[in-house]
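Thanks for coming. I will keep this short and go through a few places in the structure on the screen.

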Amino acid sequence: MEGLKIVFEGNNFLRLLSGLWVTIRIALISIGFSLILGSLLGAAMRMKSKAVRAVCRAYLEIVRIMPQLVWLFIVFFGIVRTLGINLSGETSAIIVFTIWGTAEMGDLIRGGFESVPVHQYESSTSLGLTKFQAYIYVIFPQAIRLLIPNIINLSTRMIKTTALVSLIGVTEVLKVGKQIIDANRFEAPNAALWVYGTIFVMYFAVCFPLSMLSTAIEKKQKKLSA
Amino acid sequence: MDLTFITQHYPLYVKAAVLTVVTGTIGIVLSAIVGLICALTRYYKIPVLRTITVIYTELSRNTPLIVQLFFLYFGLPKAGIVLSSEACGIIGLTFLGGSYMSESILSGFQSIKKAQIESAESLGLTRGQIMRYVVFPRAAAAAMPAVSANIIFLLKETSVFSAVALADLMYIAKDLIGMYSSTTESLLMLVIAYLIIILPISLLCSVLERRLRRGGA
């Protein structure tokens with residue numbers, strides 16, 4: 001049990017929490033950007049121009065085909081090399097998760113736009129709204145409401161995936177955990193079990209309520225529409 | 001771009017790609033089995049097992065694979081359970097994939113209308129026969145798109161295995177970048193290797209899906 005004591009000794013638990021915050025902050029910033037850019041992408045995917053749609057489609061497929069970790073490597077190691085810009089791990093992560101999040105969010109929002117009945121588009125046109133106004137005031141608010149559960153799910157996915165940033169050298173919760181384990185190697189040889197167990201529980205404590213929330217909203221929406 | 005570097009080092013990638021595919025395939029097959037068992041316990045509402053399944057599903061879906069792997073690889077040995085990198089990777093992937101598969105398969109089962117089962121019963125089919133001839137083929141068709149999305153998702157997740165010292169594609173790429181600082185070449189080979197693995201499967205899945213949609217619905 002001395003391993004469990006280590007977790008709560010001194011400010012260790014606080015350090016773990018601030019490590020967790022590092023990844024969650026990356027996730028939140030990326031989710032914010034993805035929502036904005038994803039809405040634009042979603043709208044672009046419904047344009048009449050075949051070329052625009054093809055470009056969007058290609059973007060989506062290219063982003064999706066590679067594991068996120070590969071993208072992290074490409075940006076973190078590759079950009080530094082080819083462009084000579086020195087990006088911190090955190091910045092690279094935000095770039096990668098925004099690119100990925102935009103693709104996923106865009107696809108969700110496109111689906112949302114499609115689920116809004118045609119007469120809504122037609123009525124807004126007949127009211128004299130421009131296309132832009134129709135999207136902003138009529139279509140988007142309706143689409144986004146239906147999408148809230150999916151957006152929450154994507155957000156949990158992004159929070160989980162940001163755990164990968166420890167592999168490009170960002171000092172987040174797994175790294176802090178390792179520091180704590182290493183510092184107490186002799187006093188608490190079994191610390192690894194408890195520290196990684198604690199991190200497991202921490203992630204669960206963050207993601208589980210979000211999953212529950214999205215399921216609850218989904219159920220409510222189903223009831224309302226039924 | 002240094003082509004000789006690529007020709008010199010590509011065998012490393014081939015070896016790593018094979019490892020990725022083998023561990024990935026084993027993990028995915030085991031995930032499907034775990035997922036099927038979980039889906040069945042939830043579909044037939046088997047008392048105690050069902051609760052365990054629900055707890056497992058929530059635990060597995062709400063934690064990142066890398067944290068699960070760290071616990072398996074660095075944590076468990078302190079409790080006397082020592083696993084190899086390969087075993088950790090496969091167990092971790094199965095732990096993660098099992099819940100995703102179970103959700104997809106369960107929704108396949110749930111898509112079958114009650115009337116279908118009742119009709120089968122009235123035709124005098126036994127429970128086993130209903131399962132074999134009515135429920136299973138339709139559920140498989142309905143679950144197929146979600147299951148194939150899971151397969152691709154899990155294949156991509158194998159990239160995390162490098163974190164527990166499994167010499168997969170990511171591991172080799174990182175090694176080469178570290179040793180020779182041949183970043184462009186190493187990353188290029190990494191991307192190509194993943195494309196060769198994932199692209200055909202992704203295409204196959206979309207073809208299958210299209211065919212099912214045409215034939216099934």
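Start with A:Thr171, which touches A:Gly19, A:Val22 and A:Val176, leaving aside residues up to four places away in sequence. This is a predicted model, so please keep that in mind throughout. Where does A:Thr171 sit in chain A? It is in the loop between helix H7 (131–161) and helix H8 (173–183) of chain A. For a sense of distance, A:Thr171 and A:Val80 are 91 residues apart in sequence, and their C-alpha atoms are 19 Å apart in space.

Next, the contact between the chains. Chain B gives 32 residues to it and chain A gives 30 residues. On the side of chain B that touches chain A, the elements giving two or more residues are helix H2 (47–61), helix H3 (65–75), helix H7 (169–180) and helix H8 (183–216) of chain B. The largest share of that side, 10 residues, comes from H8(B). Sorted by class, the side of chain B that touches chain A has 21 nonpolar, 7 polar and 4 charged residues.

Last, the core. In soluble globular proteins, nonpolar side chains tend to be buried together. Here the largest nonpolar core has 104 residues, and A:Leu72, B:Leu69 and B:Leu169 touch the most other members. Which residues does B:Leu169 touch, not counting those up to four places away in sequence? They are B:Tyr13, B:Ala16, B:Ala17, B:Thr20, B:Leu190, B:Ala193 and B:Tyr194.

Notes. Residues numbered from 1 in each chain as written. Chains lettered and ligands numbered in written order. Predicted model: local features only at pLDDT ≥ 70, side-chain atom pairs only at ≥ 80, totals over all residues. Contact = placed C-beta atoms within 7 Å. Helix = DSSP H or I, 4+ residues; strand = E, 2+ residues; numbered from the N terminus. Nonpolar A, V, L, I, M, F, W, Y, C, P; charged D, E, K, R; others polar. Core = buried A, V, L, I, M, F, W, Y, C linked by C-beta atoms within 7 Å. Buried ≥ 20, exposed ≤ 12 C-beta atoms within 10 Å, placed from the backbone.
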